[in-house]
Amino acid sequence: MKLLSKIAFFFLFIIITISFIYCSKDETMNQNTIPYTRMYAEIDFRVYNELYSINTPATVNKYGVRLIGYNGHGIFISKINSDEYSAFDRTCPNHGDDFSNVLEYTKGDLFYHCKECGAKYNYINGYATKSLNPQNTENRIIPKLQEYNTRIINDYTLRVTNIR
Ligand SMILES: [Zn+2]
C-alpha cells in the first residue's frame, strides 16, 4: 500500500511537471508572432538622440558589433511617454511561415511599413492599422509585431530584452 501510494505520487508529480512545461510553452508561443530569437541590448540615448523625445522612433540594428532582432533584422524603439518605451522587431509577421521581410521606418511617419505586403504597424502598440490583410482573400488577421520588454536603466540607457 505504501509503495503504491509512492508510485501514485511519482506519477502525479510527472503529470504536474509535464502540464507545467506545456503551459509555459503555450504562453511563450502566444507571445511570439515570429520565431523566438534571444534579445538583449542596452541602447544608449547619446547615440540614438531621437530616443530622448516622444514619438520619434529609432531604427537600431546593432548592439555593439552584433546584429540584433530576428535574423539580424534589427528593432524599432520609440519613446511613447515620459517614462515608457516600445520596442518591436523589424520582421514583418504577415507572411505565414516566411519571416524574411523587414519593415521600414521613415522619419516623421506614424507607422512602420512593409513594402512587400503593404501592412502598416502602429509604433506605440505594434498592431496593424487594418486588422485584415487587404491582399489576402481569406482575410487572415495580421499578427502583431514581435514586442520586446524595455526598461530604463539610467538617464541615457534603455535595456531591451526578452529574457525572463
Ligand atoms: Zn509584410
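What pattern does the protein chain follow when read along the sequence? I read off α-β-β-β-β-β-β-β-β-β-β. Helices here are DSSP runs of H or I with at least four residues, strands are E runs of at least two, and both are numbered from the N terminus.

**Ground rules.** I am looking at a predicted model, where local features need pLDDT of at least 70, side-chain atom pairs count only at pLDDT 80 or more, and totals for chains, interfaces and linings use all residues. Residue numbers start from 1 along each chain as its sequence is written.

**Whole chain.** I get 1 helix and 10 strands for the protein chain. Then I checked burial: 26% of the 164 residues count as buried. The cut-offs go by other C-beta atoms within 10 Å of a residue's own, with C-beta atoms placed from the backbone: 20 or more is buried, 12 or fewer is exposed, and in between is partly exposed. For contacts I use C-beta atoms, placed from the backbone, that lie within 7 Å. Among contacts with a separation of 6 or more, 44% come from residues 24 or more positions apart.

**Sheet with β1.** Which order do the strands take in the open sheet that holds β1? I find β1-β10-β9, 3 strands with antiparallel pairing. Strands count as paired if DSSP finds at least two bridges between them. The edges are β1 and β9, each pairing on one side only. From one strand to the next the twist averages 25°; the axes are lines fitted to C-alpha atoms, and angles run from 0 to 180 degrees between N-to-C directions.

I counted 5 bridges between β1 and β10 (residues 157-161), and 5 also join β9 to β10. Arg159 of β10 turns up in both pairings: it is the bridge partner of Glu42 and also of Arg151.

I then looked at the two faces of β1 (residues 40-44). Ala41 and Ile43 make up the covered face, while Tyr40, Glu42 and Asp44 sit on the uncovered one.

**Sheet with β5.** Another open sheet has 3 strands in the order β2-β5-β6, again with antiparallel pairing. Its edge strands are β2 (58-60) and β6 (84-89), each pairing on one side only. Neighbouring strands are turned by 25° against each other on average, direction ignored. I find 3 bridges joining β2 to β5 (residues 75-81), and Ala58 has Ile77 of β5 as its bridge partner.

**Core.** Which residues touch the most other members of the largest nonpolar core? In this set of 26 residues they are Ile43, Ile75, Ile77, Ala87 and Val160. The elements giving two or more residues are β1, β2, β5, β6 and β10. I count as a core a set of buried Ala, Val, Leu, Ile, Met, Phe, Trp, Tyr and Cys residues joined through C-beta atoms within 7 Å. In soluble globular proteins, nonpolar side chains tend to be buried together.

**Thr129.** Is Thr129 buried or exposed? I score Thr129 as exposed, because it has 11 C-beta neighbours inside 10 Å. Thr129 is in the loop between β8 (120-122) and β9 (149-154). Beyond four places in sequence, Thr129 touches Phe111, Lys120 and Asn122. I also checked Thr129 against Ile142: they are 13 residues apart in sequence, and 9.3 Å apart from C-alpha to C-alpha.

Terms used:
Contact = placed C-beta atoms within 7 Å.
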